[in-house]
Amino acid sequence: ISGMSFTFLWLNHLATCAWYTIGRAVPTDTGMRWIQRSWNFDGQLLLYTEAGMFYQYITAFHWAMSQTTLGSMEVTPANGWERLFNILALLTGFLFGSTLVSSLSAGMVEFQVRNRDRHQMLHMLRR
């Protein structure tokens, strides 16, 4: 489980770096980028670009986590490339989530089968 958790966090870190890079460097077809949008901080409207690097990273990480889980996020794509990456991240999150659920389900079924076989063997030995 810890290996899966580390892999999940590492993949989200990579998605964070990609989302940040797309927001900074990829050509835009709308003239806007997610990182150029404003957010409300104590009644003030600030641009994400005005925030520190740590806040920008954590915001991008929060975005990546919300794409791979059922979370929500106020950061949304502002151009075609960001939207395309968003769709790919959602598909990846769907595949990762369904793989995780199926792995857990298979493990539970295997545990139940082993437990049933053990009980049958004990029952046969007691006869």
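R114 sits in helix α3, which spans residues 80-126. Helices here are DSSP runs of H or I with at least four residues, strands are E runs of at least two, and both are numbered from the N terminus. The model is predicted: local features need pLDDT of at least 70, side-chain atom pairs count only at pLDDT 80 or more, and totals for chains, interfaces and linings use all residues. Residues are numbered from 1 along each chain as its sequence is written, and side-chain values use heavy atoms, with hydrogens and water left out.

R114 counts as exposed because its relative accessibility is 56%. N86 is also found in helix α3. N86 counts as buried because its relative accessibility is 11%. Buried means under 20% relative accessible area, exposed over 50%, and partly exposed in between (1.4 Å probe, protein chains only). D42 is exposed, at 72% relative accessible area. D42 lies in the loop between β1 (38-41) and β2 (44-47). D42 is not a glycine, yet its phi is positive, about 50°.

Beyond four places in sequence, N86 is in contact (heavy atoms within 4.5 Å) with W63, Q67 and P77.

**Packing of α1 and α2**

Helix α1 (residues 2-25) packs against helix α2 (residues 53-68) at an angle of about 120°, with axes 8 Å apart. Axes are lines fitted to C-alpha atoms, for helices over the stretch in contact; angles run from 0 to 180 degrees between N-to-C directions. Residues of α1 in this contact include F8, W19 and R24, and those of α2 include M53, W63 and T68.

**The core**

The largest nonpolar core has 16 residues. Such a core is a set of buried Ala, Val, Leu, Ile, Met, Phe, Trp, Tyr and Cys residues joined through side-chain atoms within 4.5 Å. W19, W34, I35, Y48, W63, V75 and F85 touch the most other members. Helices α1, α2 and α3 each give two or more residues to this core. The largest share, 4 residues, comes from α1.

Which residues does W34 contact, leaving aside its neighbours within four places in sequence? Among them are W19, Y20, Y48, Q56, V75 and E82.
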